[in-house]
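Hi,

Here is the structure I promised to pass on. Have a look at it first, and then read my notes below.

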Amino acid sequence: MIYLLLLLTGVSALYLMNLTAWDAEERQCLVAVAMKQAGVRVTKEGWHAVGMASSASVDVLFEGAVGTRVGPPGGYTARPGFWQGGAGIAACWYGAAAAVGETLRAHCARREEPHARAHLGAVDTALGGARALLREAAAWIDAHPREDASLVAWRARAGVEAAAELVLRHTGRAVGAGPYCRDARVARRMADLPVFLRQSHAERDLEALAGLVVKEGAGGWSL
């Protein structure tokens, strides 16, 4: 028996689901699985995180279920546009981080606290760098809609993830426990964003980025 954590995003997810699997040669494949078959059981369990609790994610159990391979092995990640979409996730992270940063900006507008304003300066710097990185990535993607965007995507994701983690740290240290406990929107954002960021694979993603940087050579850093 195998299981998968499913994010239910619409009624169609109840009838057909695409997921990644590995064939006998350990090659990653995209597989379409009909949900209305014996051997597929959608549970009401599996999600225990406070963050992103409204995502309605659950465990799906597979036992003897049959799926249909979609395209050749590796075709899903190699298809044109895949990495362009991967960079788009970084833009979502940025939006969440900016919303967290707004909490700190509002706090500093209400009172003059030198330490809080120092934290706000760090947050503004981090968000500015992430914003510039996303704009650069977007310009490249617009100019190369069907080319391999893996390097652009890895850079954008790594940069925005680092910025978002910095925003969470500085905002929390500046505003204290009050907004966590007394403002439902702030509490939800501070809980949701760390979970959302874990769509990144941390050091594994940084290692993949490093491999592409080595392949490209030092010339890739020129202005």
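Helices here are DSSP runs (H or I, at least four residues), numbered from the N terminus.

Two notes on where the values come from. This is a predicted model, so local features need pLDDT of at least 70 and side-chain atom pairs count only at pLDDT 80 or more, while totals for chains, interfaces and linings use all residues. Residues are numbered from 1 along each chain as its sequence is written, and side-chain values use heavy atoms, with hydrogens and water left out.

Now the helix pairs. The crossing of α2 and α6 is left-handed. Their axes (lines fitted to C-alpha atoms over the stretch in contact) lie 10 Å apart, at an angle of about 150 degrees; such angles run from 0 to 180 degrees between N-to-C directions. That makes α2 and α6 roughly antiparallel, the word for angles over 145 degrees, whereas under 35 counts as roughly parallel, 65 to 115 as roughly perpendicular and the rest as oblique.

Helix α2 (residues 82-110) also packs against α4 (residues 150-175), at about 15 degrees and with the axes 9 Å apart. These two are therefore roughly parallel, and their crossing is left-handed. The contact of α2 with α4 has 18 nonpolar, 7 polar and 2 charged residues. (Nonpolar covers Ala, Val, Leu, Ile, Met, Phe, Trp, Tyr, Cys and Pro; charged covers Asp, Glu, Lys and Arg; the others, Gly among them, are polar.)

Of its 29 residues, Tyr94, Val160 and Leu193 touch the most other members. Helices α2, α3 (114-143), α4 and α6 (184-197) each supply at least two residues, and α4 gives the most, with 9.

Leu193 is in α6 and is buried, at 1% relative accessible area (buried is under 20%, exposed over 50%, partly exposed in between, with a 1.4 Å probe and protein chains only). Leu193 and Val100 are 93 residues apart in sequence, yet 8.8 Å apart in space, C-alpha to C-alpha.

Last, how many disulfides does the structure hold? It has 0, taking a disulfide as a pair of cysteine sulfur atoms within 2.5 Å. For Cys108, the closest cysteine sulfur is in Cys181, 19 Å away, so too far for a bond.

Cheers

Conventions. A crossing is left-handed if the near helix is turned anticlockwise from the far one by less than a right angle, and right-handed if clockwise. A nonpolar core is a set of buried Ala, Val, Leu, Ile, Met, Phe, Trp, Tyr and Cys residues joined through side-chain atoms within 4.5 Å.
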